[in-house]
Every structure is written in C-alpha cells, then in structure tokens.
Amino acid sequence: MLLNIDESLVGENCPHYDAVNIFYKANMTYLARSCQKCCNYINGNCSKGFFNEIYKNLSIN
C-alpha cells in the first residue's frame, strides 16, 4: 500500500511530471508535487509507467 509520502517523493523526482491544471503551473507559491496532482496519474496508476521505476530508484538511494 502506497502512502501519500511515497506519491509525493515520486512526484518531486519525476522528470515527466505534468500538473493537472494550468493554475498550479503558474502559481508563484510552493506547492508539493505529488502523483495525485499529475495528469499522467489515472485511477491510482501512472499511465506512462514511470512510477515503479522512480520509486525503485528512490528506495535504492
């Protein structure tokens, strides 16, 4: 079971991250990136298939 912290760590380190809405991209304040806020994250899974690879790399480091 994934925790929100896992999704946040992956989102922060994903080079393919693309925010769900334009307002978030233009916002001047810092908002944590998370898989849940990425347009590639659909029904709890990364549609591009990057989540597992990035998560694995983070757990090694």
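In this predicted model, residues 24 or more positions apart account for 45% of the contacts (heavy atoms within 4.5 Å) in the protein with a separation of 6 or more. The protein has three helices and two strands, taken as DSSP runs of H or I over at least four residues for helices and of E over at least two for strands, numbered from the N terminus, and their order along the sequence is α-α-β-β-α. Local features need pLDDT of at least 70 and side-chain atom pairs count only at pLDDT 80 or more, whereas totals for chains, interfaces and linings use all residues. Residues are numbered from 1 along each chain as its sequence is written, and side-chain values use heavy atoms, with hydrogens and water left out.

**Core and burial**
- Of the 61 residues, 25% count as buried, where buried means under 20% relative accessible area, exposed over 50% and partly exposed in between, with a 1.4 Å probe and protein chains only.
- When residues up to four places away in sequence are not counted, V10 touches C35, F51, I54, Y55 and L58.

**Aromatic pair**
- The structure holds one aromatic pair, in which F51 and Y55 are stacked at 5.7 Å centre to centre with 10 degrees between the planes; rings of Phe, Tyr and Trp (its six-membered ring) pair if their centres lie within 6.5 Å, and planes under 30 degrees apart count as stacked, over 60 as edge-to-face and the rest as tilted.
- Both residues of the pair, F51 and Y55, lie in helix α3 (residues 51-60), four residues apart, about one turn of the helix.
- F51 counts as buried because its relative accessibility is 9%, whereas Y55, at 33%, counts as partly exposed.

**The β1-β2 loop**
- N43 lies in the loop between β1 (41-42) and β2 (45-46), and N43 has a positive phi of about 50 degrees although it is not a glycine.
- Most residues other than glycine have a negative phi.
- N43 counts as exposed, because its relative accessibility is 76%.
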